[in-house]
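Try each task before reading its solution.

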Amino acid sequence: MALIRRARLGDGGPLCDLFFRSVNVLGAGDYSPDQLAAWTSRINPERLERRLLSTVAFVAEENGRPVGFGSLDPAHGELDFLYVHPESAGRGLGRQLAEAIEAEAALRGFSEVHLTASLNAVSIYERLGYGQLERFSKTIDRVEVPCVRMSKRLHRERNVHGTLVRGLAVGSKTECAHYHSQLDVIAIRFKCCGEFYPCYQCHTAVSDHPAVRWGKDDLDAEAILCGACGTRLSIRAYLDCASRCPACAASFNPGCANHHTLYFSSK
Ligand SMILES: [Zn+2]
Ligand SMILES: [Zn+2]
Ligand SMILES: [Zn+2]
């Protein structure tokens, strides 16, 4: 897993280099040299840095070196850039960056993310849950560059293995805008409303009432949903499971234990 951080001053040079390599190597199968030249003609280190710092931009780093970057235009819910170094392609970096961008969009109130994909990236975005809207051509320096408009819905409620889960950008395994690692695969039912949410912040964002915690007499309530298999666990079974689903053995985020007091009261 790469480290994802926000873009900062001084990123323009290395990220511009990464951009050129990514476009020229990964785009070479679908575009002519003229088209690749047109695509990259408006980008230089200064412009790229200015654009990234004026949006919400993330950099993926491995061993202290940038291996990918992506950005959200926060005014329009548009995924603006997403590029991965060709030597690091196919290792899930694009997914990690896209999830950071989608989470940011959901936190800012967007229910969809839009983007313009290069032809070589369409199947990648489809695997990330984006659907094609239309194929069109951008004209850059009198060169036609075909691309595809795509969008993805950020679910504010989602059926996960038969259970309705509400929240921000709810994923197929109950990931959310706040917690979206591979281990963030549980949702909790809240005592106040009986509804399942991936996390406390999702309840705050989407429900219309303050959260009520479960108490010590509620340990047998089936309040935990495993997003990996759909099994509902009692609070007792969850607290005793050592961060592993008793039904499917999926690993749960052990960090959730730090937040137990948000959900469970000892009274
Ligand atoms: Zn509630
Ligand atoms: Zn959440
Ligand atoms: Zn499970």
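Helices (H or I, at least four residues) and strands (E, at least two) are DSSP runs, numbered from the N terminus. This is a predicted model: local features need pLDDT of at least 70, side-chain atom pairs count only at pLDDT 80 or more, and totals for chains, interfaces and linings use all residues. Residues are numbered from 1 along each chain as its sequence is written, and chains are lettered from A and ligands numbered from 1 in the order in which they are written.

**Exercise 1.** State how many helices and strands the protein chain has, and what its C-alpha trace spans.

Solution. Start with the elements: eight helices and 13 strands. Then take the principal axes: the C-alpha trace spans about 70 × 40 × 30 Å.

**Exercise 2.** Decide whether Ser181 is buried or exposed.

Solution. First, locate Ser181: it sits in the loop between β9 (163–166) and β10 (186–189). Next, recall the scale: buried takes 20 or more other C-beta atoms within 10 Å of a residue's own, exposed 12 or fewer, partly exposed in between, with C-beta atoms placed from the backbone. Ser181 is exposed because 12 other C-beta atoms lie within 10 Å. Across the 267 residues of the protein chain, 39% count as buried.

**Exercise 3.** Describe how domain 1 meets domain 2.

Solution. Begin with the bounds, which come from an automatic or database domain assignment: domain 1 (3–153) and domain 2 (157–263). Their C-alpha centres lie 32 Å apart. Now count contacts (C-beta atoms, placed from the backbone, within 7 Å). Five residues of domain 1 touch four residues of domain 2.

Terms used
Two residues are in contact if their C-beta atoms, placed from the backbone, lie within 7 Å.
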